[in-house]
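Me: I'm new to this one and would like to learn how to read it. Could you walk me through it step by step?

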Amino acid sequence: MNYKETTLSKTTIPTYNDGCFNLFEIKQKDDTYPAEYIKKVTDKPIWFTELSISDRLKFDAEQRDKKITMKIRIPQIKEITSMNVLKIGTEYHKVFNAYHFTNDEGYRETDLTLEEYPNVEVEQKDE
């Protein structure tokens, strides 16, 4: 063991300062032909850091006719699933995948892979 290994152990606190989003949940109306709409989940914005998207991930998604738009990291929120939509700026992104984990420093985080949410005609309700 050297001096650095024994006395200079420090942790790095994660930072989320690339942007923020509002979280929505996908709902359906109780009609003969159920229409999809989104409902705002929280009034507080959630901050994120943007991650790079690998070519392999893009290729695999395109094979399934999915258009991956972003990959972001947030403090862990296990309630976020593929039934959620994020509003970043003026654009809406559906959660394609949510990966919850504990990083090497012991902080719990969630990686969200986002896809295009083309359902622009969605009715937004704040019930």
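Predicted model: local features only at pLDDT ≥ 70, side-chain atom pairs only at ≥ 80, totals over all residues.

Me: Is Glu-115 buried or exposed?

Reply: Buried means under 20% relative accessible area, exposed over 50%, and partly exposed in between (1.4 Å probe, protein chains only). Glu-115 counts as buried because its relative accessibility is 7%. Gly-19 is buried too, at 14%.

Me: Which strands hold Glu-115 and Gly-19?

Reply: Strands (E, at least two residues) are DSSP runs, numbered from the N terminus. Glu-115 sits in β7, residues 108-116, while Gly-19 belongs to β1, residues 19-28.

Me: What does Gly-19 touch beyond its neighbours within four places in sequence?

Reply: Gly-19 is in contact with Ile-46, Trp-47 and Phe-48. As for Pro-45, 26 residues away along the chain, its C-alpha atom is 9.4 Å from that of Gly-19.

Me: How do I read strand pairing, and what does β5 pair with?

Reply: Two strands pair if DSSP finds at least two bridges between them. β5 pairs with β1 in the antiparallel sense over four bridges, with Glu-25 opposite Asn-84 in β5. On β6 (residues 91-102), β5 again has an antiparallel pairing over four bridges, and there Leu-86 faces His-93. β5 and β6 make a hairpin with two residues between them, and Gly-89 in the turn has a positive phi of about 65°.

Me: Why is β5 largely enclosed by the rest of the structure?

Reply: Because four of the five residues of β5 (84-88) are buried.

Me: And what about the nonpolar core?

Reply: That's a set of buried Ala, Val, Leu, Ile, Met, Phe, Trp, Tyr and Cys residues joined through side-chain atoms within 4.5 Å. The largest one has 13 residues, and Phe-21, Ile-72, Ile-74, Leu-86, Leu-112 and Leu-114 touch the most other members. At least two residues each come from β1, β3 (46-51), β4 (68-75), β5 and β7, with β4 giving the most, three. Apart from this core lies another, of six residues, including Phe-24, Ile-38, Val-85 and Tyr-92.

Notes. Residues numbered from 1 in each chain as written. Heavy atoms only, no water. Contact = heavy atoms within 4.5 Å.
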